[in-house]
Structure formats: structure tokens, C-alpha cells
Amino acid sequence: MTVDPNAATQGFPSPPPAHRRPGAARYLVPALFAAAVAVALGAYGKTHHPAGTAFNLAGFSSTGAVKSWLATTAFAFALVQLVSAFMVYGKLPGPSWAPTLHRWSGRVAFLVAVPVAVHCLYALGYQTYEPRVMWHSLLGCFFFGAFSAKMLLLRSERLPGWLLPLVGGLVFVVLTAIWLTSALWFFRTFGVTT
């Protein structure tokens with residue numbers, strides 16, 4: 001009996017492909033979760049009867065001042081996030097601890113933004129009585145949805161290199177617009193007060 005060395009081998013599984021493309025669910029789940037968060041916040045804000053105030057801190061003249069200063073603090077940490085992201089991606093020179101700075105500035109920005117969002121939703125609700133307020137309400141809901149998507153994408157493997165910077169940049173741009181339509185407006189209208 002002769003054996004043909006060129007004959008196909010039977011009974012052995014073929015090796016798995018070296019690199020599979022990520023499935024659509026990898027992108028669809030964060031996008032759907034982001035939409036659900038944004039819609040849920042908007043629906044709560046629209047149906048909840050505004051309480052007028054949610055919190056106040058000693059030393060501040062009004063809840064508007066508290067909210068504006070907390071939003072400004074969150075925006076300042078978001079600026080640190082932006083610069084440290086450029087360092088992490090090699091677009092700017094930076095120290096070896098730039099990734100740690102990026103993570104912690106993001107955490108602080110988010111933690112400072114949460115009481116602002118709680119105040120907006122609970123005390124004011126989703127409002128549309130003028131364009132600035134409508135955009136602020138819409139962008140506030142969108143921000144927390146986009147932020148949720150970014151957090152889910154951080155845990156995904158084999159993402160395209162452009163996706164996380166794109167979503168992170170979107171979160172930064174939306175937070176900037178939120179700050180412009182709230183804290184900056186407050187400071188320009190009522191002065192820089194505490």
C-alpha cells in the first residue's frame with residue numbers, strides 16, 4: 001500500500017483563525033446601553049415633578065453656584081483627561097504615569113459630575129422652555145449615555161485603535177457643551193460668585 005503525501009488529512013480539526021474580526025455585538029451592546037441610559041435619564045427628567053432644589057453646600061450663595069462650581073471642577077478634570085489622553089496615545093510627550101493620571105482624572109471628573117446631574121434631574125428636570133436649556137438637557141442625558149458606552153468599550157478586547165479616542169473625544173466635546181450652556185452661562189449672567 002502506498003500513501004499519497006499530498007492527500008488531505010481527515011479527522012483533524014482545522015486550526016482556528018489567527019485573528020477573528022470582532023462581532024457586531026461588541027459595538028452594538030455599548031451603543032444600545034448608551035441609548036437606554038440617555039433615554040431613561042430624559043424620561044425620568046421629563047416625568048419627574050421638579051423639586052426646585054436637590055442639595056446645597058455651606059459657603060455657597062445658591063444651588064446654581066454650587067452646581068456651576070462642581071461643573072467647572074468636572075470640566076477642569078476633563079481637560080486633564082484630554083491632555084493625558086494625548087500623552088497616552090503618544091501625541092504629546094508625557095511622564096510614565098500619564099495613564100494613571102488619565103484614569104484618575106476621569107474618575108474624579110465623573111464623580112464630581114454626578115451630583116450636578118442629580119441636581120439637574122431632581123431639582124430642575126428635563127426642560128425645553130428656551131434653546132439653551134433644551135440643549136443643556138439633551139446633552140446632559142447624551143453625556144451619561146456616551147460615558148456609559150465608553151466604560152463598556154474600555155473592557156472590550158481587539159477594538160479598532162480609533163474607536164476609543166473617538167468615543168472619548170465625543171464625551172469631552174459633549175461635556176464642554178454642557179459646561180458652556182450651564183456653568184459659563186451662570187458665571188456670565190450672575191457673576192463669578194460662590
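Q: Which residues do ring pairs link into a cluster?

A: In this predicted model, the ring pairs join Trp69, Trp185, Phe186, Phe187 and Phe190 into a cluster. Rings count as a pair if their centres lie within 6.5 Å, and by this rule the count comes to ten aromatic pairs.

Q: Why is the pair of Trp69 and Phe187 called tilted?

A: The general idea is that planes under 30 degrees apart count as stacked and those over 60 as edge-to-face, while the rest are tilted. Here the ring centres of Trp69 and Phe187 are 5.0 Å apart and the planes stand at 55°, so the pair is tilted. This pair links distant parts of the chain, since Trp69 belongs to helix 2 (residues 63-88) and Phe187 to helix 5 (residues 163-190), 118 residues apart.

Q: Is Phe187 buried or exposed?

A: Buried means under 20% relative accessible area; Phe187, at 11% relative accessibility, therefore counts as buried, whereas Trp69, at 29%, counts as partly exposed.

Q: What do the planes of Phe110 and Phe147 tell us about their pair?

A: Their planes are at 5° and their centres 4.4 Å apart, so this pair is stacked. Phe147 is buried, with a relative accessible area of 14%, while Phe110 is partly exposed at 25%.

Q: Where does the charged end of Arg107 sit?

A: The charged end of Arg107 sits over the ring of Trp104, 4.6 Å from the centre of that ring. Arg132, in turn, lies over the face of Trp185, at 3.7 Å from the ring centre, and Trp185 is one of the residues in the cluster.

Note on methods:
Residues are numbered from 1 along each chain as its sequence is written. This is a predicted model: local features need pLDDT of at least 70, side-chain atom pairs count only at pLDDT 80 or more; totals for chains, interfaces and linings use all residues. Side-chain values use heavy atoms; hydrogens and water are left out. Rings of Phe, Tyr and Trp (its six-membered ring) pair if their centres lie within 6.5 Å; planes under 30 degrees apart count as stacked, over 60 as edge-to-face and the rest as tilted. Helices (H or I, at least four residues) and strands (E, at least two) are DSSP runs, numbered from the N terminus. Buried means under 20% relative accessible area, exposed over 50%, partly exposed in between (1.4 Å probe, protein chains only). A charge sits over a ring if NZ of Lys or CZ of Arg is within 6 Å of the ring centre and within 35 degrees of the ring normal.
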